[in-house]
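Subject: Structure for you to look at

Hi,

Here is the structure I promised to pass on. Have a look at it first, and then read my notes below.

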Amino acid sequence: MSLCLCVSVCVCPVFTIDSVTLKLDPSGEVTSGTLMNLNCEVSVSHDQSHPMTHSFNFLRDDVLVYSKNTTEPAVLHQLNPARAANSGTYKCQVIVQDKSKGSRTHRLTVTGLQTPVLQVTSQILFEGDEVAATCSAPDESGSLLFHFYQDQEKIKQVRASGNSVETRLELKHAGDKHLRCYFEITMLPDAGRSNNSNTVKVMVKELFITPVMNILPGKDVIEGDIVEFVCHVVNPPSNVTVFLNKDKRVLKTASISLSHTLRVLAEDSGEYVCKVERGNVQKEAYESIKVKELFSKPVLVMKPREVFETERFTLNCDTDRYSHERINIGDVKYSLYRNQVLLTSGGNYSATAHPSLNGNYSCQAQAQGRGQTKKIFKNSTQIVLKAKVPVSVPLLSVVGGRLILGKPFQLQCQSDNGSLPITYTLLSPHRQAEFRVVRRPWDLALFNITSIDRSSDIHSFSCKAENNPSQPYMESSGEHLRRTATIIEPVSRPVLTVTPKMGDVAEGEDLTLTCTVQRGTPPITYTWYHTKSALPLVSKTTNDMRLSHSFQGVSREHGGGYYCVTNNPSNDSQRSAMVTVGVKLAGWKKGLIAAFCILLTVSLIIIILVKKCLLPFRRERTVELSVKPASTKTDETLRLTHGEVNEAANVTPGVMGRSVWSDHVSGSESDDQTSEETTEVPEPQYTEVHPQEVYPTRAPVKKGTDTVYSEVRNSNQGKTDILFNVH
C-alpha cells in the first residue's frame, strides 16, 4: 500500500472510494468441480494524473484467502475447480492508502464431494498380517476425516490435515476381504460424506502353525525329579517365536522350538502353556503336571503359645506326610534356627523364657530320595517369640495430683512394667469393684469417683493389676496414693465478729472485724466488704483459720453493714452473715451537747418565769373601748400612744395562750396613756354596753409608717376586747 506524508516535498492526493463490488460467476451455488470466478471491482475518485494502487483482499468467513495489489480497478480470483471446502461467506475488502471499503457479502455453496481413491501395497496376506492402505481425494482441501471398511465392518478411522492418508490395516481372519474408504470434511459437517471409494479385494491366507509340547519323563513326578519341557512348531513358517509360560510368567522363549529343564517341587504343579506367535497371530498348546511331595512342609510348634519371662517353653518341628516309595520317615532331618542362625540340630528345643531369647524361630527339614542326586530342603513358617513381661505392682494416683472434698475426681491405676493387655481392678469397701482393660500403650485405666467427704476416705481405695491368669495379681498398697494425693477441704461458712461487741463504737475509737472459719485447707484468702461499696475493703491470705482487719479512729462513715468472704484452693467461696456496725458520737461531743441542752433549758425556764411575773402588770394595762353615741360623727377617732403599740408588737410568742391584745386595761391606765399624747382628746360621752355576741370587726389604724389592724370582740366577762395586729 502506498502512503504519502503531507510535507513540503510531497503533496497528498485527494481521493475517495466510491464503491466495491463482488460478483460470483456462474452463481452462489454450484456443484463440486465447477470453475468458479470471484470478480472484485472498485471505483475510486481522485485528483491524480496517474492511477492509484489498490489492495484487493478476498475473505471467506472473515479469513483472508487471496490478496493482490494492483493499479487495475478489478481483480479476478478463480476456484478451479470449486470444492465443498470452498463453501462459505465471501467478501472483498479494498484498501487505498489509509482508506478502506468492503463489498457486500455473498454466500457460496459447493455441493458434492470428490470420490476418494483406495490403494493397498499387497493383495495376498497371511492371517494376522497388516496391509498398508492409502485413501486420497486429490482435488479436495481442508481437514478430512477418512473411514476404512472391511466388507461391512468399520475397522479404522484416521484424521488428516491434507487430502490423503496412509495407514496400516490388520486383517485377522483367513478369506477374501473387500476394502473401501470414504471421507468427511471436518469443518463442514453440513457437506455430508463422500461417495465410497473403489473396492480393493485382498486374499488372507490361513497361517498353519501348530505348537506341540512334550513333558519328560512324564506328567506325574515326585519332588526332586528332573522334568524336561519341549515346545516346538510343526512345519514352521518364517518369523515364528515360541514361549513357555506358567501362571502368566514366561519361563523361556526361543525361535521355532525350545527345551526347558526343571528340578520340580510341589509348588511346580500346574498348567504350562506353549505359545507360538507370528505377527498378530498366536497359537497355544496346554499341558499339566502333578508333583507329589517327597515330604510335607515342616511345621514348627511352640508351647505354650504365649510365654512370660521365667516360664519354660518348648519348640517342636515335624512333618506329617512323606513319599513312602522314595524315603522313610527317619530320612527327614531337622534343624532349628533363631534369627536365621543355627540354634540346634534336631526337631526339639526347650528353654526358660528370657529377653535374650526373643527372636524369630524357624525350622528346616531336608531329605534325599532314592535315585535322586540332590537333597530337598523345606522351611517352616517363622514363629516370633517375645516373652511377655509380668505386670508390676500398680500405683494408684489422683489424676491431676489433687482432689477436693465433696467434688468428683478421677483415680488412675498404672503399672510401670507388664505386657499388654493388663486388667486393672479398683477396690473399695464402700463400692463395687470396677474393671478397666488396657490393650494399647496409650490407653489409661481411669476410674471416676463421685466424691469423698473426709480426707481419711482416700485410704480405702486400692487397685490390682493382672496380665497372666496363671500368676497371682499384683495389688497396690495405697501408700503411694497417701503420699502423692493433695486433698483440699473447702472452707466452711465464715463467721464475722466485731470488736467492741454489740457492734457499737464511738467516733475516734478502733474497730476490729474478725473473720473465722471452722474448716478449710490453707492457704485461705479472707476478703472484707462494706455494704456501701461493691469493691472489697481489703483481701489477705494466710494459713490461719482466723484473721482480723482493724480500723483506727473510726468516723461516722464507717457505720453500716460488713461481711467477709473466704476462699482457698478449692475455689469454692463462702460468705458470712452481715454484721451491722453503729458509730456513736464521741464523749466530748455528747458533753458539749448536754451542756448546751442544759443551758438552753435553763434559759427557757428563766424566760417563762420572767414572763409569768410580768403577766399581772400587763393585764392592768388595757385599752378601754370608747363607744360613741349614735349621734357622734364618724370622723372621731380613737388614739393610742406610740408606746402601747410598740409594747403590744414586742410581746414574746411564748405567752400566746391568751392574746395580750385582748387583755382588759383599767380606765386609769387609759388615762395615763392618753395623757402621754401631745394632742388633747376631748372627753367623749359613754353609753353602757351590754354583753352580747358580736362578730369581730377589723379596722385599720395608721401609726406612723405602720398599719395597725384592730379587732373588736366581746369577752366572756361582758367587756369588749380590742385586738391590734401591727404590720
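Let me start with a salt bridge: glutamate 306 and lysine 388 meet through their side chains, at 3.1 Å from N to O. The two residues are 82 apart and tie together distant parts of the chain. Glutamate 306 sits in the loop between strand E26 (299-303) and E27, while lysine 388 is in the loop between strand E33 (383-385) and E34. Lysine 388 is buried, because its relative accessible area is 15% and the cut-off for buried is under 20%. Do keep in mind throughout that this is a predicted model.

There is also a network in which salt bridges share partners: Glu223, Glu293, Asp320, Arg321 and Lys378 are joined into one. The count of salt bridges comes to 17.

Lysine 292 pairs with glutamate 325, with 3.2 Å between the closest N and O atoms. This one again links distant parts of the chain, 33 residues apart: lysine 292 belongs to strand E25 (residues 281-292), and glutamate 325 lies in the loop between strand E27 (312-318) and strand E28 (333-338). Buried or exposed, or something in between? Lysine 292 is partly exposed at 42% relative accessible area, and glutamate 325 counts as partly exposed at 44%.

The other is arginine 168 with glutamate 130, a salt bridge at 3.2 Å, N to O. Here both ends are in strands: arginine 168 in E15 (residues 164-170) and glutamate 130 in E12 (residues 130-136), with 38 residues separating these distant parts of the chain. Arginine 168 is partly exposed, with a relative accessible area of 46%, and glutamate 130 is partly exposed too, at 36%.

Now the strands. The protein chain has 54 of them, plus four helices. Take E36 (residues 409-414), which pairs in the antiparallel sense with E34 (residues 395-398) over four bridges. Within that pairing, leucine 395 has glutamine 414 in E36 as its bridge partner. E36 is also joined by four bridges to strand E39 (residues 446-449), again running antiparallel.

Six bridges hold E45 (residues 511-516) to E48, and threonine 514 stands opposite serine 548 in E48.

Finally, some totals for the protein chain. Of its 727 residues, 37% are buried. Among contacts with a separation of 6 or more, 61% come from residues 24 or more positions apart. The chain exposes about 42,300 Å², and carbon and sulfur atoms supply 51% of that.

That's what I have for now.

Cheers

Technical notes:
Residues are numbered from 1 along each chain as its sequence is written. This is a predicted model: local features need pLDDT of at least 70, side-chain atom pairs count only at pLDDT 80 or more; totals for chains, interfaces and linings use all residues. Side-chain values use heavy atoms; hydrogens and water are left out. Two strands pair if DSSP finds at least two bridges between them. A salt bridge is a side-chain nitrogen of Lys or Arg within 4 Å of a carboxyl oxygen of Asp or Glu. Buried means under 20% relative accessible area, exposed over 50%, partly exposed in between (1.4 Å probe, protein chains only). Contact means heavy atoms within 4.5 Å. Accessible areas come from the Shrake-Rupley method with a 1.4 Å probe; for residues, only the protein chains shown count as cover.
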